[in-house]
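Open the model in your viewer and keep the selection tool ready. We will go stop by stop.

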Protein chains: 2
Amino acid sequence: MLCLANETNAEWVRVAVAKPDAILIDHAHCEKKAAAFALAMINRYPQRTRLVKDMIDLAKEELEHFETVVLILEQRGVTLTVDRGNPYAKALHDHIRTSEPHRLLDSLIVGAFIEARSCERFSLLAKHATEPAMRELYASLLASEAGHYRAYTDIAREYFPVTDVKERLTAFAGIEAAIVAALPNAPTMHG
Amino acid sequence: MLCLANETNAEWVRVAVAKPDAILIDHAHCEKKAAAFALAMINRYPQRTRLVKDMIDLAKEELEHFETVVLILEQRGVTLTVDRGNPYAKALHDHIRTSEPHRLLDSLIVGAFIEARSCERFSLLAKHATEPAMRELYASLLASEAGHYRAYTDIAREYFPVTDVKERLTAFAGIEAAIVAALPNAPTMHG
């Protein structure tokens, strides 16, 4: 799926569908952090107008989804808990090169992979979640995650030669797959 | 106006209307930072559902305005520059008490004052900007800044006794007025 080099293992699906509220809480935080990441990208690259405009669009959509999930949590009588961070995203970010313009390219590729993996996991939840409402929710969010993956890769191609983008997508496909293979199958979106 | 204890001096208006692009750029960054502040409040107080929902609404509106200003800048052939920070907001934040729940109350009051001062300055620009398009822009944004002031104070009243909220509004009115009186009249929204 998309650029991913491996599939989420069945054990994560088992854990995730058994804890729908935990997954929703983590999902809410993921949407919030995706919006915050978009704002951080704007802060870092204010002169890249294409990036600024696309990141605003992305942040707006992430906030819409954040709101959707917060309202569902409220309906379920579940309160958001403290965000404990996302070791998967952190591990990916650790592979971003620190010198520019490499940092920009790698940041966009990392953004793309997080969206792609979320998309894959949403598709698993859309299929395997025990409650119809949960299956519907994740099915409804699938397309937009795929859209965000494309947004990140489109921005990358705007600012970098296609071969450079391809090369980093391939490199990060390996990095991301290794990170995912080592995940503990926790009841979080990227657990 | 609203809770403000003094008025912006005429010199700022003169400087601001002479540099519409500089004001627009700084305004864009203010909208972006207001959205980021709302997300930071959610991060800090995820269990306060009323706050979380209101902060999402506020962040969404700030992003809409951010987008509006970015598009106007693009039409004017002006590119966003690096955000140099906001000494006015920083000075206000320095007065937030560090222990909870005081930190929550003061953070909400500071949010309210930044919105109130922005509202006052938008009203000045709506009146004095040399270009009709600029006057219209600031007039159109006025009401929502006042709405954000109310959002912050309403959340404060949700979680704290009215007398406590009033007491901190009065204290910060003096603090904010002193900060504003000492501003250098720079061509920024809170300069």
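Helices (H or I, at least four residues) and strands (E, at least two) are DSSP runs, numbered from the N terminus. This is a predicted model, in which local features need pLDDT of at least 70, side-chain atom pairs count only at pLDDT 80 or more, and totals for chains, interfaces and linings use all residues. Residues are numbered from 1 along each chain as its sequence is written, chains are lettered from A and ligands numbered from 1 in the order in which they are written, and side-chain values use heavy atoms, with hydrogens and water left out.

**Stop 1: H27(A)**

Select H27(A). It sits in helix α2 (residues 20-44) of chain A. Is H27(A) buried or exposed? It is buried, at 1% relative accessibility. Here buried means under 20% relative accessible area, exposed over 50%, and partly exposed in between (1.4 Å probe, protein chains only).

Now show its contacts, meaning heavy atoms within 4.5 Å. Setting aside residues up to four places away in sequence, H27(A) touches V69(A), F122(A), Y138(A), L141(A) and M189(A).

**Stop 2: helix α5**

Select residues 102-128 of chain A, which form helix α5. Its 27 residues should span 39 Å at 1.5 Å a residue. The expected span is 1.5 Å times one less than the number of residues. The end C-alpha atoms are 39 Å apart, so the two agree. Next, colour α5(A) by burial: 22 of its 27 residues are buried, so the helix is largely enclosed by the rest of the structure.

**Stop 3: F172(A)**

Move to F172(A), in helix α7 (residues 162-181) of chain A. Its relative accessible area is 0%, so F172(A) is buried. Which residues does F172(A) contact, leaving aside neighbours within four places in sequence? They are L92(A), H95(A), I96(A), D106(A), I109(A), V110(A) and F113(A).

**Stop 4: the cysteines**

How many disulfides does the structure hold? Zero, over all chains. A disulfide is a pair of cysteine sulfur atoms within 2.5 Å. C119(A) is in no disulfide either, as its nearest cysteine sulfur, in C3(A), is 9.9 Å away. C30(A) is buried at 14% relative accessible area, and C119(A) is buried at 5%.

**Stop 5: both chains**

Zoom out. Chain B can be laid on chain A by a turn of 180 degrees and a shift of 0.0 Å along the axis, with an RMSD of 0.0 Å. That is the relation of a two-fold axis. The same surface serves both copies, as 100% of the contact residues of chain B recur in chain A. The superposition is by least squares on the C-alpha atoms of residues with pLDDT of at least 70 in both copies.
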